[in-house]
Protein chains: 2
Amino acid sequence: MSDTLLLVGTGLVGGSFARAAKARGVFHRVVGMDRDPAALAEAVRLGVVDAAAESFIGHAAVCIAVPVAGIAACVRDAVADGARHNGVPVFDVGSVKAPILEALQPVPPNYVPCHPIAGSERQGPAEARADLFEGRAVVLTPVATTDPDAVATVTGYWEGVGARVVTEDPDDHDRRFALVSHLPHLVAFAFMEVAAEGPLDVVGNGFRDFVRTAGADPDVWTDILHANAHEVRGRLDELLDVLASYGTMVGDDPARLRQRLTQVVANKQSFDALDR
Amino acid sequence: MSDTLLLVGTGLVGGSFARAAKARGVFHRVVGMDRDPAALAEAVRLGVVDAAAESFIGHAAVCIAVPVAGIAACVRDAVADGARHNGVPVFDVGSVKAPILEALQPVPPNYVPCHPIAGSERQGPAEARADLFEGRAVVLTPVATTDPDAVATVTGYWEGVGARVVTEDPDDHDRRFALVSHLPHLVAFAFMEVAAEGPLDVVGNGFRDFVRTAGADPDVWTDILHANAHEVRGRLDELLDVLASYGTMVGDDPARLRQRLTQVVANKQSFDALDR
C-alpha cells in the first residue's frame, strides 16, 4: 500500500485536510484532482497537493471534498476504478449524508461518510490551513454494511489531524444539521438580501456575526440546501411560526415577549455552559 | 462647574463609559445611581463609579444608561432637578431614539440623544471595560431645538473615550437599526427558541456566531423591540417574504436559489469591502 492520499476537490476543506495530513505525517504525499483546472494548478503551485493525480488507482485512501451534489458520482468513480478491490478507504467531507447514501445504493463497504464540523466562509486552495480541524468534531455516519476496518482507518486519519470523531445515524445527522447549520445559513443569506438596500456604513458586531455565513460559496450552499431541502423546510417552518408570534408580541404584548425572551436567554446560557 | 459625571444606570454600557471617561481624563470623578441597589453597590465596590450619587444636581454632565423604556423619565428627572438651569449636558446610550424624543416633547435643549454602537451580550458593572468604545461609532440624533453647544460638548466626551461621532435623523436611525441590529437580535432569539430542543453538543462556529446575540439581556431587548416595534415589524415582514421564497426554492428551484444566493454573496462581499 502506498502512503499517498488522493484528494478529489482542492478547495478550503479538502486543501486543509491535505495540508494537515502532511504536516502531521498522516500521509506523506497528496495528489489532487479538481474539475476546475485552475484550482488544481493553484493547489499544486501552493504546495497544497504535491502533484496532479493521474487516476483513482494506486493510493492509500481517497478523500472526496467536492460539493454535495457531486459526491455520490465521485465515490462511484473511486470504487469503479479499483479502490474497492484494494480495500482502500474512500471518505468525503459533505455537510449532508442521507441523500448521498441513497444515491449510492448499494453503499460500497469501503465508503466512510464523514462531515467535519469545520470550515469557513472563505474559499479555495489559498485558504487551506493545516490547523482547520484541530479540536473540531467530525461526524461519521456509517451504515450497517460499512466495513468497520475502513471506519477505524478513517477515524485514525481525522484523529491524526487533531479532530475528535463522533458517530451518528445519517438521518439524525441531516435533521440536526438542518437546524444548527443549514437554517442559520439560509437565514443569513435571506437577511443579507433584505439588508442589501442599506446603508450599512455604521453597524455593530452583532450584525457582522449574524451575516458572516452569508459570505459562503453560493454553489456549495445551494447544493447543501437542496440536498437537505426536506429537513431544512421543516425547521424553517418552525422558525417562521416563532418569528410570526414574536412579530405580533413586539407591538401588542411586550410582557409575553419578555417571558419568551427570558426563557430563550436561559436556553442560550445552558448551551454556552455545555459548549464551554 | 464640577468635573464630576453623574451616571444613571451602572450596567455594561454605562459602566464602560465611566471607566473609559476616568481612564482618559474626560471626567475626574463619576458618581452613580441605579434602580438596583445591588448593582450600584457592586459598581462602587469595583471602582466603576467612585460613589453613590446624592442627587441629580451639581455635576458637569449626566449620562443616562438605563433600558430604553426608562430613558425619557430619567431625562425629565435630570432636567427637573436643575441640570437645564446649569446648561449641563444630559445624554443617553439608548438603541432607539424617536420614541424617547416623542415622549419628551418639548425636548429639553440640553438633552443630546446618543447611541453608541458598542456593547456585548454580557451584562452588569463587572463586565464594564474602559476600551469598549475605542474605534466604535456613536450616532447622535439631535433635533432642531437641541443646543449646539451641548452637542459639541457631548461629541467631545465620546471622542475623548476613543469613539467617532456621526449624526443621523432620529427616524432614519430607528429604521436603519431595526434592520441592522434589532431584527438580527429578534431572529437570533427566535432561532434559539427553535434550537432549544437540541441536541446541541456538536455545532460549528457558524451556529455560535449566529446565536451569540440571543444571550443578551431579555429586559433590555424587550424594551428596545417594543419601542421600535413598528420599524422592526416592517423589516421582519420583508425577511419573512424572502425566507418563504427561499423555502420554496430549496426544494423546487435550486437553479433560481443559486442565482439569488450568488447575488447575496456579492452583496456580502461589497459590505465586507466597505466595512474593512
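This is a predicted model: local features need pLDDT of at least 70, side-chain atom pairs count only at pLDDT 80 or more; totals for chains, interfaces and linings use all residues.

Q: Which strands of chain A does helix H5 lie across, and at about what angle does the helix run to S8(A)?
A: Helix H5 of chain A covers residues 148–160; helices (H or I, at least four residues) and strands (E, at least two) are DSSP runs numbered from the N terminus. H5 lies across S7, S8 and S9 of chain A, where contact means heavy atoms within 4.5 Å. Axes are lines fitted to C-alpha atoms, for helices over the stretch in contact, and angles run from 0 to 180 degrees between N-to-C directions.
A: Residues are numbered from 1 along each chain as its sequence is written, chains are lettered from A and ligands numbered from 1 in the order in which they are written, and side-chain values use heavy atoms, leaving out hydrogens and water.

Q: Which strands stand at the edges of the open sheet in chain A?
A: The sheet has three strands in mixed pairing, in the order S7-S8-S9; two strands pair if DSSP finds at least two bridges between them. Each edge strand has a single partner, so one side of it is left without a neighbour in the sheet. Those strands are S7 (114–116) and S9 (164–167) of chain A.

Q: Is Asp92(A) buried or exposed?
A: Asp92(A) belongs to strand S5 (residues 90–92) of chain A, and among the residues it touches are Cys114(A) and Trp158(A). Its side chain also makes a polar contact of 2.9 Å with that of Lys97(A) (N or O atoms within 3.5 Å; within protein, one must be able to donate a hydrogen and the other to accept it, and residues adjacent in sequence count only if both atoms are side-chain atoms). Buried means under 20% relative accessible area, exposed over 50%, partly exposed in between (1.4 Å probe, protein chains only). Because the relative accessible area of Asp92(A) is 0%, the residue is buried.

Q: How many salt bridges does the rule find across the interface of chain B and chain A?
A: The two chains bury about 7,400 Å² between them (accessible area, 1.4 Å probe, lost on being put together, summed over both). A salt bridge is a side-chain nitrogen of Lys or Arg within 4 Å of a carboxyl oxygen of Asp or Glu. One example is Arg260(B) with Glu193(A), the closest N and O atoms being 2.9 Å apart. Across the interface, the count of salt bridges is ten.

How values were computed: Lists of a residue's contacts leave out its neighbours within four places in sequence.
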